[in-house]
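Here is a short briefing on one structure. Look at the sequence and the model first, then read the points below.

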Amino acid sequence: MEEPPSFIADEMNGRLARWLRILGFDCLYISGGNADNNILKLALKTGRIVLTGDKELYRKIIRRGGYAILTPGDTLENKFRYLKNKIDLKKWVGKLPHRCSVCNSILVKVPSSTIPDLPPSVKERFTYVWHCNNCGKTYWEGSHWINIKKQIKRLLT
Ligand SMILES: [Zn+2]
């Protein structure tokens, strides 16, 4: 079976990384000092697709035989548009694991009673929640979920 695409987002693409993770895509986020070099090295080593707004970095990666997509524009919608033109994201939606939007780890479905610091109202409403064993964040399909679904629809169409 074909592997889903995996990504590295640069510091201009933090929001894009977050939304790719919400869709279930494996997307690292690399920023800070020496980020360009770290991104380049990791991209060549792993074959991950680099998402960058930086033409210089984009050219560098392509020249060295890596894979990069330029994501200019300052809004999430614009960046997504560039990405969608290059990669068929839609065909993966619903087939990928749930992923932590904060740290990119795969979430596990657990009984809500096993998470001690969850508000009692959440425990009452949801028998199961999604938990990140790496950063400790817990997710449930609360009212904010409707907005997330709406945004996903907007980004993908
Ligand atoms: Zn996490």
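E2 and K91 form a salt bridge, with their closest N and O atoms 3.0 Å apart; the term stands for a side-chain nitrogen of Lys or Arg within 4 Å of a carboxyl oxygen of Asp or Glu. E2 lies in the segment before β1 (7-9) and K91 in the loop between α4 and β5, so the pair ties together parts that are 89 residues apart in sequence. This is a predicted model, in which local features need pLDDT of at least 70 and side-chain atom pairs count only at pLDDT 80 or more, while totals for chains, interfaces and linings use all residues. Residues are numbered from 1 along each chain as its sequence is written, and side-chain values use heavy atoms, with hydrogens and water left out.

**Salt bridges**
- The whole structure holds two salt bridges.
- K91 is partly exposed, at a relative accessible area of 35% (buried is under 20%, exposed over 50%, partly exposed in between, with a 1.4 Å probe and protein chains only).
- D26 forms a salt bridge with R48, and the closest N and O atoms are 2.9 Å apart.
- D26 is in the loop between α1 (14-22) and β2 (27-29) and R48 in the loop between α2 (35-46) and β3 (49-52), so this pair joins parts 22 residues apart in sequence.
- R48 counts as buried, at 12% relative accessibility.

**Zinc site**
- C100, C103, C132 and C135 coordinate the zinc ion through their SG atoms at 2.3 Å (donors are N, O and S atoms within 2.8 Å of the metal, or 3.2 Å for Na, K and Ca; water is not among the atoms, so sites may look incomplete).
- The angles between the four donor atoms run from 99 to 120°, which makes the arrangement tetrahedral (four donors with all angles between 85 and 135 degrees).
- Along the chain, the donors follow the spacing C-x2-C-x28-C-x2-C.
- C100 is buried at 0% relative accessible area, whereas C135 is partly exposed at 39%.

**Sheet**
- Three strands form an open sheet in the order β5-β6-β7, with antiparallel pairing (strands are DSSP runs of E, at least two residues; helices are runs of H or I, at least four; both are numbered from the N terminus).
- β5 and β7 are the edge strands, each pairing on one side only (two strands pair if DSSP finds at least two bridges between them).
- W130 stands opposite Y139 in β7.

**Cysteines**
- The count of disulfides is zero (a disulfide is a pair of cysteine sulfur atoms within 2.5 Å).
- The sulfur of C27 is 13 Å from the closest cysteine sulfur, in C103, too far for a bond.

Key: Four donors count as tetrahedral if all angles lie between 85 and 135 degrees; four count as square planar and six as octahedral if opposite donors are over 155 degrees apart and all others between 65 and 115; anything else is irregular.
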